[in-house]
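Below is a short briefing on one structure.

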Amino acid sequence: LAFWIIKVMSTTVGETGADYLAVNVGLGTAVTGAIMAALLAAALVLQLRSRQYVPWIYWLTVVLVSIVGTQITDALTDEFEVSLYLSTAIFTAALAATFAVWYGLERTLSIHTIVTHRRELFYWLAILFTFALGTTAGDLATEELGLGFDLGVLVFSALIAVVALAYQLGADAVLTFWIAYILTRPLGASLGDLLSQSSDYGGLGLGTVYTSLAFLTVIVALVAWLTFERERTCKGATLMSE
């Protein structure tokens, strides 16, 4: 549960954080994208060098992937005027190709089998495309198809609930995980827009600063709790072995 809560909130931070840096701070899409890409590269180095799951490194990488994925889609839409229909199709094809190559080489897409650097690189590439696809699909649904932010939150929440029910009824765990992972991106983006955008655009008008800070606070608190629980479990296992 903590994993999925942090995941949704990290996608929201990706949406509101990217908007804040590009618009409010005035860095623009290109500069924001370059800075975030450099930070993501540094986080990936830390993640790949770690020989075990370290919550703060993993979730820092996820948040940065979320921001970079948002920047990529925003650049395509705003700078190059690529339609949301086309960009959604492009990222769907890119994600499908990543999964196809990954499965073709490793014969599995399960996150529980990521024990080599090659599998982890496939994983992070897939994560990047899920964020990019989720962003374009979410924008397509809420803007082009006219769902709006509030209805978008309800629709994507309902879809995730259907996937969760399918998993409980025996659907393939790997398939349902990746579908849910993709759907959390448009859910987080819709939620972020609903909270941050002004009432003129159908939002609650909290602004990108307060929305980002609120969600970052929850993320930090949950990651700190996960770190504490992991250390407590490891110490308990050590005592038992002795």
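Three salt bridges turn up in a search of the whole structure, a salt bridge being a side-chain nitrogen of Lys or Arg within 4 Å of a carboxyl oxygen of Asp or Glu. This is a predicted model: local features need pLDDT of at least 70, side-chain atom pairs count only at pLDDT 80 or more, and totals for chains, interfaces and linings use all residues. Residues are numbered from 1 along each chain as its sequence is written, and side-chain values use heavy atoms, with hydrogens and water left out.

**Salt bridges**

- Glu106, Arg118 and Arg119 are linked in a network of salt bridges.
- The side chains of Arg118 and Glu106 meet at 2.7 Å, N to O. Arg118 lies in helix α5 and Glu106 in helix α4, so this pair ties together parts twelve residues apart in sequence. Helices (H or I, at least four residues) are DSSP runs, numbered from the N terminus.
- The side chains of Arg119 and Glu106 also meet in a salt bridge, at 2.7 Å, N to O. Both of these residues are buried, where buried means under 20% relative accessible area, exposed over 50%, and partly exposed in between (1.4 Å probe, protein chains only).
- Arg118 counts as partly exposed because its relative accessibility is 46%.
- Arg232 forms a salt bridge with Glu229, the closest N and O atoms being 2.8 Å apart. Both lie in helix α8, three residues apart, about one turn of the helix.

**Helix α4**

- Helix α4 (residues 84-106) has 23 residues and reaches 32 Å from its first C-alpha to its last, close to the 33 Å expected. The expected span is 1.5 Å times one less than the number of residues.
- Its buried residues, among them Phe91, Phe99 and Trp102, pack against α3 (55-79), α5 (117-144) and α7 (173-196).
- Arg107 follows α4 and has a positive phi, near 65°.

**Nonpolar cores**

- The largest nonpolar core has 42 residues, and those with the most contacts inside it are Trp102, Tyr123, Ile127, Trp178 and Tyr181. Such a core is a set of buried Ala, Val, Leu, Ile, Met, Phe, Trp, Tyr and Cys residues joined through side-chain atoms within 4.5 Å.
- Helix α5 gives the largest share of this core, ten residues.
- A second, separate core of eleven residues includes Val8, Phe149, Phe156 and Leu194.

**Surface patch**

- A nonpolar surface patch of about 980 Å² includes Tyr20, Leu39 and Leu213. Patches are made of residues with over 30% relative accessible area and no salt bridge, and nonpolar side chains (Val, Leu, Ile, Met, Phe, Trp, Tyr) are joined within 5 Å. Areas come from the Shrake-Rupley method with a 1.4 Å probe.

Note on methods
Patch = residues over 30% accessible without salt bridge, like charges linked within 9 Å, V, L, I, M, F, W, Y side chains within 5 Å. Helix = DSSP H or I, 4+ residues; strand = E, 2+ residues; numbered from the N terminus. Contact = heavy atoms within 4.5 Å.
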